[in-house]
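Subject: Structure for your files

Hello,

Here is the structure I said I would pass on.

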Amino acid sequence: MKDTYPDLTAHHAPASFGDRVALKTVKFMRLFADAFFSKRYGHRAVVLETVAAVPGMVGGLLQHLKALRHIRDDQGWIRELLEEADNERMHLMTFIHVAQPSRLERGIIMFGQAIFYNAYFWLYLFTPRIAHRIVGYLEEEAVVSYTQYLAQIDAGLVENVPAPQIAIDYWNLGPNARLRDVVVAVRADEAGHRDRNHEMADQLKAA
């Protein structure tokens, strides 16, 4: 497996007021993640992937309802968004095997998911373009975080433990795959979600 993605440094330059709001919102959210988790990237992944699985599910639901209301085809968005949500869920299932969340982190997961779900639902309902832009920027930050995680593994600061079996099965990794291989695969997924959500935001802007 290749350990790079075609463009790991890709960044969507804000082109409107909504884009700038989306970027500032994500940067503000990142401050809390950095303050709480510091360099504990395994634990960061467990908590943040529970939030990352929300947008695809919310977007899929609202696109489904919109298609029903307007009696039109969804152009494949529903399935794609639900698959994104499921992919993020698999990231969570994988990292639970790597870093067992503490009671405090489980509490944060419950609180954070409740807040984020409701906020994102209303945001997507009224401004789906900005909602997708926020996810695009969130995924940009995820790529950065997983790249930093890889740097820690390569530097020997994080043990390169054997990959969980669930990850080997999901990404078709070799039987001797290690944590590094898993992080590379997850980072590639996040980069793909980054690009696709920015594309969706652009499509909604043009509509």
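Predicted model: local features only at pLDDT ≥ 70, side-chain atom pairs only at ≥ 80, totals over all residues.

Helix packing

Helix 2 (residues 41-70) packs with helix 4 (residues 103-126) at an angle of about 30°, and their axes are 9 Å apart. Angles under 35 degrees count as roughly parallel, so helix 2 is roughly parallel to helix 4. Their crossing is right-handed. On the helix 2 side the contact includes Val47, Val51, Val54, Pro55, Val58 and Leu62, and on the helix 4 side Ile109, Phe116, Tyr120 and Tyr124 are among the residues involved. By type, the residues of this contact are 16 nonpolar, five polar and one charged.

Aromatic pairs

The count of aromatic pairs comes to eight. One of them is Phe95 with Tyr146: the ring centres are 5.8 Å apart and the planes are at 25°, so this pair is stacked. Because Phe95 lies in helix 3 (residues 77-98) and Tyr146 in helix 5 (residues 128-154), the pair ties together parts that are 51 residues apart in sequence. Phe95 and Tyr146 are both buried.

Tyr170 and Trp171 form an edge-to-face pair, with ring centres 4.8 Å apart and planes at 85°. Tyr170 is partly exposed, at a relative accessible area of 31%, whereas Trp171 counts as buried at 12% relative accessibility.

Finally, Tyr117, Phe121, Trp122 and Phe126 are linked into a cluster by ring pairs. Of these residues, Tyr117 and Phe121 also take part in the contact of helix 4 with helix 2.

Regards

Key:
Residues numbered from 1 in each chain as written. Heavy atoms only, no water. Axes fitted to C-alpha atoms, helices over the stretch in contact; angles between N-to-C directions. Helix = DSSP H or I, 4+ residues; strand = E, 2+ residues; numbered from the N terminus. Parallel < 35°, antiparallel > 145°, perpendicular 65-115°, else oblique. Left-handed = near helix turned anticlockwise from the far one by under 90°. Contact = heavy atoms within 4.5 Å. Nonpolar A, V, L, I, M, F, W, Y, C, P; charged D, E, K, R; others polar. Phe/Tyr/Trp six-rings, centres within 6.5 Å; stacked < 30°, edge-to-face > 60°. Buried < 20%, exposed > 50% of the residue type's maximum accessible area, 1.4 Å probe, protein only.
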